Amino acid sequence: MTTDTEAPVADDTANRRRIQTTSLAQEAYRVLQRMIVHGELAPGERIVEPALCDQLGISRTPLREALRMLASEGLIATRRNRNAVVTRIDPRELEHLFEVEAGIESLAVALAAERMTNTELKQLEALQERLEKLHEKGDRDAYFELNQRIHAQLVAGAKNPVLEETHRRLLGRLERARYLALDRIGRWQESTDEHRAILEALKARDGERARRLLADHVQHTGDSITDINRS
């Protein structure tokens with residue numbers, strides 16, 4: 001007579017550890033990305049792993065995973081048997097990136113003018129009002145974070161997951177340049193006004209006008225970076 005045998009219970013300790021490590025890597029990635037975008041880790045600066053492990057309170061395993069993610073976005077350059085370094089902003093590459101961003105975002109808002117619901121437009125208007133208040137207060141860091149969110153919301157309004165994912169990957173490579181552009185005298189006010197005009201075009205369901213305004217908005221940001229690099 002045969003007896004049923006119980007299958008051994010899988011030891012999920014390793015899985016839990018892997019999830020925890022991945023979570024630490026993602027958090028380290030977000031912290032380091034913000035430091036690079038805001039200039040706390042400057043272009044050309046060496047990445048000293050022991051110091052960052054101590055600063056972030058993590059081991060080298062999640063740190064190195066975070067560095068791989070940053071390298072995939074072009075924010076750092078890894079070097080064999082040497083410290084990784086924060087990449088310098090390449091003006092030619094930025095020109096190409098802003099061209100692509102202008103194409104993606106202008107297509108997205110043209111679609112969003114048709115596809116966004118009235119509720120979504122009201123939510124976008126609430127974000128715009130917050131953006132204007134942050135500009136008045138001079139809170140650049142909070143303004144920048146909200147500005148990034150608004151751009152993501154505009155693209156999400158197209159209701160096209162492929163377009164949204166492509167934009168998400170591109171935006172990570174442009175964050176540093178966008179933040180730098182706010183340093184240009186007058187650009188902060190211009191950007192706020194341009195966002196308001198894009199919103200009004202969307203509320204009017206004027207996709208062609210929204211497309212033109214968004215393309216110009218991205219181009220103006222790119223031009224600001226070019227001016228900064230030349231100075």
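Is arginine 211 buried, partly exposed or exposed? Arginine 211 is partly exposed, because its relative accessible area is 29%. That falls between the cut-offs of 20% for buried and 50% for exposed. This briefing covers a predicted model. The protein has nine helices and two strands. Of its 231 residues, 42% are buried.

**Overall build**

- Along the sequence, the elements run α-α-α-β-β-α-α-α-α-α-α.
- Take the contacts with a separation of 6 or more: 76% of them join residues 24 or more positions apart.
- The accessible surface is about 13300 Å². Carbon and sulfur atoms hold 49% of that surface.

**The two strands**

- Strand 1 covers residues 76–79, and strand 2 covers residues 82–86.
- The two strands pair in the antiparallel sense, over three bridges.
- Alanine 77 sits opposite valine 85 of strand 2.
- Two residues lie between the strands of this hairpin. Asparagine 81 has a positive phi near 60° there.

**A region from the UniProt record**

- An unreviewed UniProt entry lists residues 114–141 as a "coiled-coil region".
- In the model, residues 114–141 are 86% helix and 0% strand.

**Salt bridges**

- Side chains of opposite charge can pair when their charged atoms come close.
- The whole structure holds 19 salt bridges.
- Glutamate 208 and arginine 211 form one of them, at 2.6 Å from N to O. Both residues are in helix 9 (residues 207–230). Glutamate 208 is partly exposed, at 40% relative accessible area.
- Aspartate 141 forms a salt bridge with arginine 34, with the closest N and O atoms 4.0 Å apart. This pair links distant parts of the chain, 107 residues apart. Aspartate 141 is in helix 6 (residues 140–156), and arginine 34 is in helix 1 (residues 13–37). Aspartate 141 is partly exposed, at 30% relative accessibility. Arginine 34 is partly exposed too, with a relative accessible area of 38%.
- Lysine 159 forms a salt bridge with glutamate 120, with the closest N and O atoms 3.2 Å apart. Lysine 159 lies in the loop between helix 6 and helix 7, while glutamate 120 lies in helix 5 (residues 118–137), so this bridge ties together parts 39 residues apart in sequence. Lysine 159 has a relative accessible area of 40%, so it counts as partly exposed. Glutamate 120 is partly exposed at 25%.
- A network of salt bridges links Glu125, Glu132, Arg196, Glu200 and Lys203.

**Aromatic pairs**

- The structure holds two aromatic pairs.
- Tyrosine 143 and tryptophan 188 form an edge-to-face pair, because their ring planes meet at 75°. An angle over 60 degrees counts as edge-to-face. The ring centres of tyrosine 143 and tryptophan 188 are 5.2 Å apart.
- This pair joins helix 6, which holds tyrosine 143, to helix 8, which holds tryptophan 188. The two residues are 45 residues apart.
- Tyrosine 143 is buried, with a relative accessible area of 0%. Tryptophan 188 is buried at 16% relative accessibility.
- Phenylalanine 144 and tyrosine 179 also make an edge-to-face pair, because their planes are at 85°. Their ring centres are 5.1 Å apart.
- Phenylalanine 144 is in helix 6 and tyrosine 179 is in helix 7, so the pair links distant parts of the chain, 35 residues apart.
- Phenylalanine 144 is buried at 1% relative accessibility. Tyrosine 179 is buried at 7%.

**Serine 191**

- Serine 191 is in helix 8 (residues 187–203).
- Serine 191 is buried, because its relative accessibility is 5%.
- Setting aside neighbours within four places in sequence, serine 191 is in contact with Tyr143, Asn147 and His217.
- Tyr143 is the tyrosine paired edge-to-face with tryptophan 188.

Notes: Residues numbered from 1 in each chain as written. Predicted model: local features only at pLDDT ≥ 70, side-chain atom pairs only at ≥ 80, totals over all residues. Heavy atoms only, no water. UniProt positions renumbered as here; feature names shortened; annotations may be inferred. Helix = DSSP H or I, 4+ residues; strand = E, 2+ residues; numbered from the N terminus. Pairing = 2+ DSSP bridges. Buried < 20%, exposed > 50% of the residue type's maximum accessible area, 1.4 Å probe, protein only. Contact = heavy atoms within 4.5 Å. Salt bridge = Lys/Arg side-chain N within 4 Å of Asp/Glu carboxyl O. Phe/Tyr/Trp six-rings, centres within 6.5 Å; stacked < 30°, edge-to-face > 60°. Areas by Shrake-Rupley, 256 points an atom, 1.4 Å probe, with all protein chains shown as cover.
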